[in-house]
Amino acid sequence: MPASPSTARALNDRLALRLLQQEGPLTAGRLKQLTGLSRPTVADLVDRLTAAGLITVVGESGEQRRGPNARLYGIVAGRAHLAALDVRTEGVLVLVSDLLGRVLAEASAPIGGDTGTGPAVEQAVAAVERAVKEGGADRLHTVGIGAPGLIDPATGDLRDSAGLPAWHRSLVAALQDRLPGARVTVENETNLAALAEQREGAARDRDTFVLLWLGHGVGAAVVLDGSLRRGASGGTGEIGFLPVPGTSTLPSATDCGGGFHSLTGAAAVVSLAAEHGLPASGTVDLPVEGPADVPVDGPADAAGAVPAVRGAADEPEAARVVRGAVARASAADERFLHALADRIAVGAASVVAVLDPGCVVLGGEVGRAGGVVLAGLVEERLRRMSPLPTEVRASGLGGTAVLRGALLTARERAQDELFGPPER
């Protein structure tokens with residue numbers, strides 16, 4: 001059946017807004033060319049979107065002829081403000097952006113392991129409020145949160161997980177209480193990192209890939225045919241529980257000890273380094289990272305700042321050990337990196353055998369520290385272990401991946417609501 005006039009208007013408006021998001025400011029004439037709509041239809045939708053406060057005149061084109069046809073229309077970036085949070089066991093990183101994803105302010109709150117739930121939540125919420133104020137936002141429309149642990153697919157809530165701070169689960173409710181009207185969503189950090197890598201990082205040319213997260217714990221995010229797969233219980237990618245050779249026992253339903261985590265978790269990486277006689281990471285001078293050179297999602301983000309990545313001195317012990325080994329490249333360092341690649345390849349080969357993703361991205365603090373060197377070693381081993389061709393890539397976003405994924409998710413949710421039909 002043909003669309004009703006109101007539905008057709010809503011679809012045309014949404015198409016025009018998406019084009020303005022992707023291409024940047026456009027004239028009415030250019031919108032006509034890109035949409036294939038008639039001139040009167042484009043004129044009507046421009047009037048509607050302007051009256052709704054979604055677009056405005058932002059300048060004129062460089063054409064010779066001036067006047068109405070030369071006006072450049074762009075999305076009103078201040079129509080909504082967003083926040084993204086990267087929630088870690090040791091604290092929280094925050095950024096605030098406009099509707100186009102341009103970063104306006106950043107904040108962080110280190111939270112010690114002995115901090116009580118109430119004070120920890122207060123510190124995290126205060127960091128968000130500080131960033132909102134510094135970013136000049138009156139209120140937040142949408143908040144995207146990336147956190148370790150499982151997300152209940154039925155409720156969208158962060159599940160209670162052993163080994164994770166209790167304040168993580170309390171943070172969402174506190175933000176909803178302190179940020180009236182804001183839509184707050186939470187997603188597993190590895191899933192968000194994968195979404196960011198797909199849109200802006202190492203997997204931009206891939207519809208199917210797996211992100212292998214190597215940090216304090218290990219996990220995986222699975223993207224098949226362009227879609228993130230969460231599983232029946234939200235547990236897709238709980239690769240730390242994967243039974244693997246080389247451990248002294250098997251994992252259980254409540255403990256991933258004896259699984260892949262025992263080979264590649266942070267404690268195992270530090271122990272492996274010690275076995276190879278590597279110096280403690282704190283005794284090695286390592287370069288400090290500056291802000292990451294992160295590709296952004298089209299012209300809309302081009303003016304946005306990228307959140308600074310924590311320097312090497314702030315990295316977990318395991319990541320610093322790996323970074324030091326890559327930097328020094330002595331015989332002992334190379335033996336350690338080869339042994340670590342052997343371990344990573346064991347888990348990666350199991351994923352490849354089941355999913356045939358064609359590409360595995362190494363993320364997390366350890367994956368980031370190993371970079372292209374570690375990725376190359378793992379790929380070499382996979383070629384020997386599996387008949388399925390698999391490229392292994394280092395993360396393209398480094399320490400910004402979770403924040404970028406949280407921001408992309410918040411932005412898309414806000415735009416879906418603001419750009420949708422008025423009756424929704």
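Both faces of strand E11 are covered, with Cys359, Val361 and Gly363 on one side and Val360 and Leu362 on the other, all of them buried, where buried means under 20% relative accessible area, exposed means over 50%, and partly exposed lies in between (1.4 Å probe, protein chains only). Because 5 of the 5 residues of E11 are buried, the strand is largely enclosed by the rest of the structure. Helices (H or I, at least four residues) and strands (E, at least two) are DSSP runs, numbered from the N terminus.

This is a predicted model, in which local features need pLDDT of at least 70 and side-chain atom pairs count only at pLDDT 80 or more, while totals for chains, interfaces and linings use all residues. Residues are numbered from 1 along each chain as its sequence is written, and side-chain values use heavy atoms, with hydrogens and water left out.

E11 belongs to an open sheet of 5 strands in the order E10-E9-E8-E11-E12, with mixed pairing; two strands pair if DSSP finds at least two bridges between them. The edge strands, each pairing on one side only, are E10 (227-229) and E12 (391-394), and the twist averages 25° from one strand to the next. Strand E8 (residues 209-214) pairs with E11 (residues 359-363) in the parallel sense over 4 bridges, and within this pair Leu211 stands opposite Val361. E11 and E12 also run parallel and are joined by 4 bridges, with Leu362 opposite Ala394 in E12. Helix H6 (residues 189-200) lies across E8, strand E9 (218-224), E10 and E11, at about 130° to E8.

Two packed helices are described by the angle between their axes and the distance between the axes. Here axes are lines fitted to C-alpha atoms, for helices over the stretch in contact, and angles run from 0 to 180 degrees between N-to-C directions.

| Helix pair | Angle | Axis distance |
|---|---|---|
| H9 and H11 | about 10° | 7 Å apart |
| H1 and H3 | roughly 80° | within 10 Å |

H9 and H11 are therefore roughly parallel to each other, given that angles under 35 degrees count as roughly parallel, over 145 as roughly antiparallel, 65 to 115 as roughly perpendicular and the rest as oblique. Their contact (heavy atoms within 4.5 Å) involves residues including Ala318, Val322 and Val326 of H9 and Val366, Ala369 and Val373 of H11. H1 and H3 are therefore roughly perpendicular to each other, and their contact is made by Arg9, Asn12, Asp13, Ala16 and Leu17 of H1 and Thr41, Leu45, Arg48 and Leu49 of H3.

Helix H3 (residues 39-51) has 13 residues and reaches 18 Å from its first C-alpha to its last, close to the 18 Å expected at 1.5 Å a residue, the expected span being 1.5 Å times one less than the number of residues. In H3, Val42, Leu45, Val46 and Leu49 are buried. They cover an arc of only 105° around the axis, which puts them on the same side of H3; the arc is that of the directions from the helix axis to the C-beta atoms. On the other side of H3, Pro40, Asp47 and Ala51 are exposed. The buried residues of H3 pack against helix H1 (5-23), helix H2 (28-35), strand E1 (55-60) and strand E2 (71-75). Just after H3, Gly53 takes a positive phi of about 75°.
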